[in-house]
Amino acid sequence: EVNFGGKSSSHLYANKRAQMWFDMRDWLAAGGAIPNIAALKQDLGAPTYKYNPSNQLILEPKDDIKKRGLPSPDLGDALALGLDVCVQSRLGGSACGHFR
């Protein structure tokens with residue numbers, strides 16, 4: 001079980017969800033591959049981010065995304081959850097290089 005609102009293991013992020021999404025961004029930038037699914041790509045581009053008063057990154061809440069007329073980024077959250085084990089354990093290679 002992962003509590004998105006729970007504490008991040010890094011002082012850079014306001015919560016676990018922000019940490020997971022930014023870890024996912026870094027994984028993609030390093031060559032990670034995702035399926036060519038339009039809904040997933042839309043989800044990944046939906047949330048904005050900002051800094052909280054403690055200068056930590058925080059991802060836009062799902063309710064705020066919905067207020068902007070976009071769907072909840074459930075597929076993006078699912079990808080972040082699926083990759084979290086790979087990113088945190090630093091397995092890399094074929095075990096985490098591609099999401100299928």
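**Group meeting talk: rings, core and salt bridges**

Hi everyone, let me start with the rings: Tyr13, Phe22 and Tyr49 are linked into a cluster by ring pairs. Rings of Phe, Tyr and Trp (its six-membered ring) pair here if their centres lie within 6.5 Å, with planes under 30 degrees apart called stacked, over 60 edge-to-face and the rest tilted.

Some housekeeping before I go on. This is a predicted model, where local features need pLDDT of at least 70 and side-chain atom pairs count only at pLDDT 80 or more, while totals for chains, interfaces and linings use all residues. Residues are numbered from 1 along each chain as its sequence is written, and side-chain values use heavy atoms, with hydrogens and water left out.

Back to the rings. By that rule, the count is 2 aromatic pairs. One of them is Phe22 with Tyr49, an edge-to-face pair at 5.4 Å centre to centre and 85 degrees between the planes. This pair links distant parts of the chain, since Phe22 sits in helix H1 and Tyr49 in strand S1 (residues 49–51), 27 residues apart. Helices (H or I, at least four residues) and strands (E, at least two) are DSSP runs, numbered from the N terminus. Is Phe22 buried or exposed? Its relative accessibility is 6%, so Phe22 counts as buried. For the cut-offs, buried means under 20% relative accessible area, exposed over 50%, and partly exposed in between, with a 1.4 Å probe and protein chains only.

Phe22 also takes us to the core. The largest nonpolar core has 13 residues, and among those with the most contacts inside it are Tyr13, Trp21, Phe22 and Met24. Helix H1 (16–29), strand S2 (57–59) and helix H4 (74–89) are the elements that give two or more residues to this core. The largest share, 6 residues, comes from H1. By a nonpolar core I mean a set of buried Ala, Val, Leu, Ile, Met, Phe, Trp, Tyr and Cys residues joined through side-chain atoms within 4.5 Å.

What does Met24 touch, leaving aside its neighbours within four places in sequence? Met24 is in contact with Leu44, Gly76, Leu79, Ala80 and Leu83, where contact means heavy atoms within 4.5 Å.

Now for the charges. How many salt bridges does a search of the whole structure find? The search gives 7, taking a salt bridge as a side-chain nitrogen of Lys or Arg within 4 Å of a carboxyl oxygen of Asp or Glu.

One of them joins the side chains of Asp84 and Lys16 at 3.7 Å, N to O. Asp84 is in helix H4 and Lys16 in helix H1, 68 residues apart. Both Asp84 and Lys16 are buried.

Next come Arg17 and Asp77, whose side chains meet in a salt bridge of 3.3 Å, N to O. Arg17 lies in helix H1 and Asp77 in helix H4, so this pair ties together parts that are 60 residues apart in sequence. Arg17 is buried at 8% relative accessible area, and Asp77 is buried at 4%.

Asp77 has another partner: Asp77 and Lys62 form a salt bridge with the closest N and O atoms 2.8 Å apart. Lys62 belongs to helix H3 (residues 62–67) and Asp77 to helix H4, so parts 15 residues apart in sequence are tied together. Lys62 is partly exposed, with a relative accessible area of 27%. Through shared partners, salt bridges join Arg17, Lys62, Asp74 and Asp77 into one network.

To finish with Arg17: not counting residues up to four places away in sequence, Arg17 touches Phe4, Leu59, Glu60, Pro61, Lys62, Ile65, Pro73 and Asp77.
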